Amino acid sequence: MGSLLIYGSYGYVGSLVAEDAIDRGLDPILAGRDRDQLREQVADLEQPGRRFSLEEPDVVAEALEDVDCVLNCAGPFSNTAEPLVEGCLRSGTDYVDITGEIPVIESIQDRDEEARAAGVTLLPAAALSTIPMDCLAAHLADRLPEADSLALGVDSIRIPSVGTVRTVLEGSNTEGAVRRDGRVESVPTAWRTREIDFGRGERPAVTMPMGDICTAHYTTGIPNVEMYAMLPQPARLALESHRYLTPLFESKPVRWVLKQLAGVRDGPAEWARERGTAYVWGEARVEDDGERVVSRLRTPDPYVVTVDGAVTVAERVLAGDADAGFQTPADAFGAEFVLGLDGVEGFFDEETPEETSPLSPLLR
Ligand SMILES: NC(=O)c1ccc[n+]([C@@H]2O[C@H](COP(=O)([O-])OP(=O)(O)OC[C@H]3O[C@@H](n4cnc5c(N)ncnc54)[C@H](OP(=O)(O)O)[C@@H]3O)[C@@H](O)[C@H]2O)c1
């Protein structure tokens, strides 16, 4: 097995990923820009460490010279993916990350040709968003090959980590997004609402600008993709009002205060991760004749899936199982890949779904 470097290894997800990689015998190099945090983690986990920041492309490429695969856990990825991808292309290192940011995935996809020429795999979004939704999309496309539109969704109430809150705040002026006719299209926040049976009865859901609208499209070729997240009523109202609050979020003092507030907690504790669940739903449709298929998945806690998914993807990339170029999880390893992750159940297929189904297959 080749060498793995985890960048952002002392962040909330990064440290869970580092521990899991060590447990699997991957012997990772721990890396990041902060000397003190890295030194402490290196001493704690008794692994090699490498400190470097991402401003200088030559420094990044040099730091990756002897590395076979980088697993980037340093978000917001709008600040870290571009320099690490550049460094990987220069040093011939494969690249995996856990971003869910649409512009980041699109910019990595733009480097597909370069990556193929360099023999380098670029596999972003190896996390809750997008492994389960991407694999579900591939499964739905197998069930209905003529489909021209996809709706995907996730239902999981969970306390986000500080890093996730920061990433959302950084992107809070990007509004919503869907994929239409193959292109990412900006739409207002909470643009569309819909009642969805994720697997435990119908719940209100709203469109969310998640990276799944990229990966599901590149995996299946389906040109229209919407991504929904279940929201309880008060959160939905808050999000809808966010349309009118956007100018406020864009104000620097307000964003600064929100970021400080987000700094009070690192992320969900172990007990919360053990109890968490995510319900994943997908629908493929042929718009002209209304033909429609629905499938579902149930996964453990989003952070558990993220850690297991990211390390498993890195392991498979190190084993040489992914082709060179831009890859999505399902493209690289097939629709069934998600079923190999710990605790994932599915696919639950509806053969002839009703428009609304009062009792889901998971509960029958
Ligand atoms: N796609 C998904 O489903 C999914 C799931 C979970 C998390 N995520 C994303 O993963 C990211 C990490 O989450 P987290 O909870 O682990 O956050 P976190 O605890 O804040 O950790 C972030 C890490 O990134 C590093 N970092 C940030 N900006 C950097 C920069 N410009 N240069 C170098 N290092 C930088 C930080 O190092 P310093 O301390 O040195 O700044 C830290 O090590 C977030 O963006 C989150 O949204 C995605």
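T328 sits in the loop that joins β15 (325-326) to α14 (329-333); helices (H or I, at least four residues) and strands (E, at least two) are DSSP runs numbered from the N terminus. The model is predicted, so local features need pLDDT of at least 70 and side-chain atom pairs count only at pLDDT 80 or more, while totals for chains, interfaces and linings use all residues. Residues are numbered from 1 along each chain as its sequence is written, and side-chain values use heavy atoms, with hydrogens and water left out.

T328 counts as buried because its relative accessibility is 1%. Buried means under 20% relative accessible area, exposed over 50%, and partly exposed in between (1.4 Å probe, protein chains only). Leaving aside residues up to four places away in sequence, T328 touches L123, D134, T215, Y218 and T219, where contact means heavy atoms within 4.5 Å. The T328 side chain also reaches the backbone nitrogen of D331 at 3.1 Å.

Two of these neighbours, T215 and Y218, bring in helix α9 (residues 212-220). The axes of α9 and helix α5 (residues 102-109) come within 8 Å and cross at roughly 35 degrees. Axes are lines fitted to C-alpha atoms, for helices over the stretch in contact, and angles run from 0 to 180 degrees between N-to-C directions. From α5, I102, I105, E106 and Q109 meet I213, C214 and Y218 of α9. By class, this contact has 5 nonpolar, 1 polar and 1 charged residues, with Ala, Val, Leu, Ile, Met, Phe, Trp, Tyr, Cys and Pro taken as nonpolar, Asp, Glu, Lys and Arg as charged, and the others, Gly among them, as polar.

Helix α2 (residues 35-45) has L38, Q41 and L45 as its buried residues. Seen down the axis of α2, these fall within an arc of 65 degrees, so they line one face of the helix; the arc is that of the directions from the helix axis to the C-beta atoms. Their cover includes α1 (12-23), β2 (29-32) and β3 (49-51). D36, R39, E40 and A43 are exposed on the other side of α2. At the N-terminal end, D34 caps α2, with a side-chain oxygen 3.2 Å from the backbone nitrogen of D36. Just after α2, E46 takes a positive phi of about 55 degrees.

The protein chain as a whole has 14 helices and 16 strands. Of its 364 residues, 54% are buried. Among contacts with a separation of 6 or more, 72% come from residues 24 or more positions apart.

Notes. A polar contact is a pair of N or O atoms within 3.5 Å; within protein, one must be able to donate a hydrogen and the other to accept it, and residues adjacent in sequence count only if both atoms are side-chain atoms.
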